[in-house]
Amino acid sequence: MGFVVINKNDNVKVSLSNGHKYALKNIAKGEPVIKYGFPIGTASQDIQKGGHVHTHNLKTSLTGEKKYTYAPEKISAEKEEPLSISAYVRKNGDIGIRNDIWIVNTVGCVNQIARKLAAATGAFCFPHPYGCSQLGSDFLHTQQILCGLIKHPNAGGVLVLGLGCENNNIAELKKTLGGYDEERVKFLNCQDCEDETAQGIKIITELQELAKRDIRVSVPVSKLKIGLKCGGSDGLSGITANPLVGRITDKITAMGASAVLTEVPEMFGAEQLLMNRCVDENVFNKTVSMINNYKKYFISHNQPVSENPSPGNKEGGITTLEEKSLGCVQKGGKAPVTAVLDYGDFVQKPGLNLLNGPGNDIVAITNLTASGCHLILFTTGRGTPLGAPVPTVKISTNSNLAKKKPGWIDFDSGKCLDSNCDNDLLNLIIETVNGKKTKNEINGYREIAIFKDGVTL
């Protein structure tokens, strides 16, 4: 298939067959290697023209905390014709693109009961090991993520399943939950009844009957919140899938919708690009704090901030975290950064939101779901069956993966090397919003994982 030079300033070209890099000219030891028009590290030895550039001769240049300067870009977004979507309108004005019944358990001790209830009723449950023996912010984060699921508008009804003796007992959880739709959210403490299975089935059946009365109506696409995620990236992620998703981000945010970019460690080395798109200095300062605080998290555990990419990333042609990050942030397109959210926060503003949290796939899709995203665009070069509680649109970076794993992949962006497929992906997103099931939904792959950072009693 040949090679591509991404930016005129690059000194490497990328193979379209395997995603690996090759030198366009001689690169001396100590010189920067340039891809996407930016440094992705430093040559650790002399590299001859045409030579393979990878872990044997390229090293990261990332360090700890940095000082940044706000240099705002002038962003002139193209006007987009607004679209309509079909969705369920909730009492508080939020919309849902699904009308499922969810079981959200307060503590891991009732995981098996939740699974039993889900199997008996067709509701969806999301087992996790937390909710007890936690302290401080670690405990609060668990509560915030669970509250984000309880209030998620894709759920037509929710059974909150507790045990009764846990730290995160229902009474304590309600303090963090705040206001909720009492008709749609029900609670059950398993220690309080003789037959928790029968009682749970009764509550879920009542919620299902209530949800049957809901109907889809036409609403503007500006109501939509889309999560952005990549997992199992390869050397083509920043050439095909991520730029494609970035163009979709630009389109939907220009229509007034929200897009959410997370995976903070995969912003390291590319953060200045995002900072320059912040709408004001307040958002810029929050972005700086998010980046530097996450670096402090690494340092506090005596770990290098550059401890990435994964073995699969490297096999797919990615060498350094800078390279991975420069490809990763392209999912945010060129849209203005309008807000910075902490872990557990809800999306409130249209435009591109940055969400604090790790890059770990299961933790990140849970984080995006709990922030209120209706669906997630998930790009992958290696392939993964993983799915969030919300529809998770898998976008392959290469056609070989799409052919090999048709049961996982919803959209092949490898074809975008030969033709523009922006409208094809946008149409798939609208179809998904309107009810078309993604592969993770068809397969029944819906999982959560909560970020753990604290003492366990």
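**Exercise 1. Helix α9**

Task: In this predicted model, determine which residues of helix α9 are buried.

Solution. 
- Start with the span. Helix α9 covers residues 321-328.
- Apply the cut-off. A residue is buried when its relative accessible area is under 20%.
- List the residues that pass. They are L321, E322, E323, K324, S325, L326, G327 and C328.
- Conclude. Eight of the eight residues of α9 are buried, and the helix is mostly covered.

**Exercise 2. F268 and the nonpolar cores**

Task: Find which residues have the most contacts inside the largest nonpolar core.

Solution. 
- Take the core. The largest one has 100 residues.
- Pick out those with the most contacts inside it. They are L224, F268, L377 and L425.
- Ask which helix gives the largest share. Helix α7 (residues 281-300) does, with seven residues.
- Look for a separate core.
- Now follow F268, leaving out residues up to four places away in sequence. F268 touches L62, I291, Y294, K295, F298, V305, L321, E322 and S325.
- Link back to Exercise 1. Among these partners of F268 are L321, E322 and S325, which are buried residues of α9.

**Exercise 3. T197 and I215**

Task: Classify T197: buried or exposed? Do likewise for I215: buried or exposed?

Solution. 
- Classify T197. Its relative accessibility is 16%, so T197 counts as buried.
- Check contacts of T197, ignoring residues up to four places away in sequence. T197 touches K116 and L117.
- Classify I215. Its relative accessibility is 60%, so I215 counts as exposed.
- With V89 and V217, I215 forms a nonpolar surface patch. Together the three have about 260 Å² of accessible area.

**Exercise 4. The whole chain**

Solution. 
- Count the elements. The chain has 13 helices and 21 strands.
- The C-alpha atoms fill roughly 75 × 50 × 45 Å along the principal axes.
- Check burial. Of the 457 residues, 56% count as buried.
- Residues 24 or more positions apart account for 69% of them.
- Finish with the surface. The chain exposes about 18,800 Å², and carbon and sulfur atoms supply 49% of that area.

Definitions and conventions
Residues are numbered from 1 along each chain as its sequence is written. This is a predicted model: local features need pLDDT of at least 70, side-chain atom pairs count only at pLDDT 80 or more; totals for chains, interfaces and linings use all residues. Side-chain values use heavy atoms; hydrogens and water are left out. Buried means under 20% relative accessible area, exposed over 50%, partly exposed in between (1.4 Å probe, protein chains only). Contact means heavy atoms within 4.5 Å. Patches are made of residues with over 30% relative accessible area and no salt bridge: like charges are joined within 9 Å, nonpolar side chains (Val, Leu, Ile, Met, Phe, Trp, Tyr) within 5 Å. Accessible areas come from the Shrake-Rupley method with a 1.4 Å probe; for residues, only the protein chains shown count as cover. A salt bridge is a side-chain nitrogen of Lys or Arg within 4 Å of a carboxyl oxygen of Asp or Glu. Helices (H or I, at least four residues) and strands (E, at least two) are DSSP runs, numbered from the N terminus. A nonpolar core is a set of buried Ala, Val, Leu, Ile, Met, Phe, Trp, Tyr and Cys residues joined through side-chain atoms within 4.5 Å.
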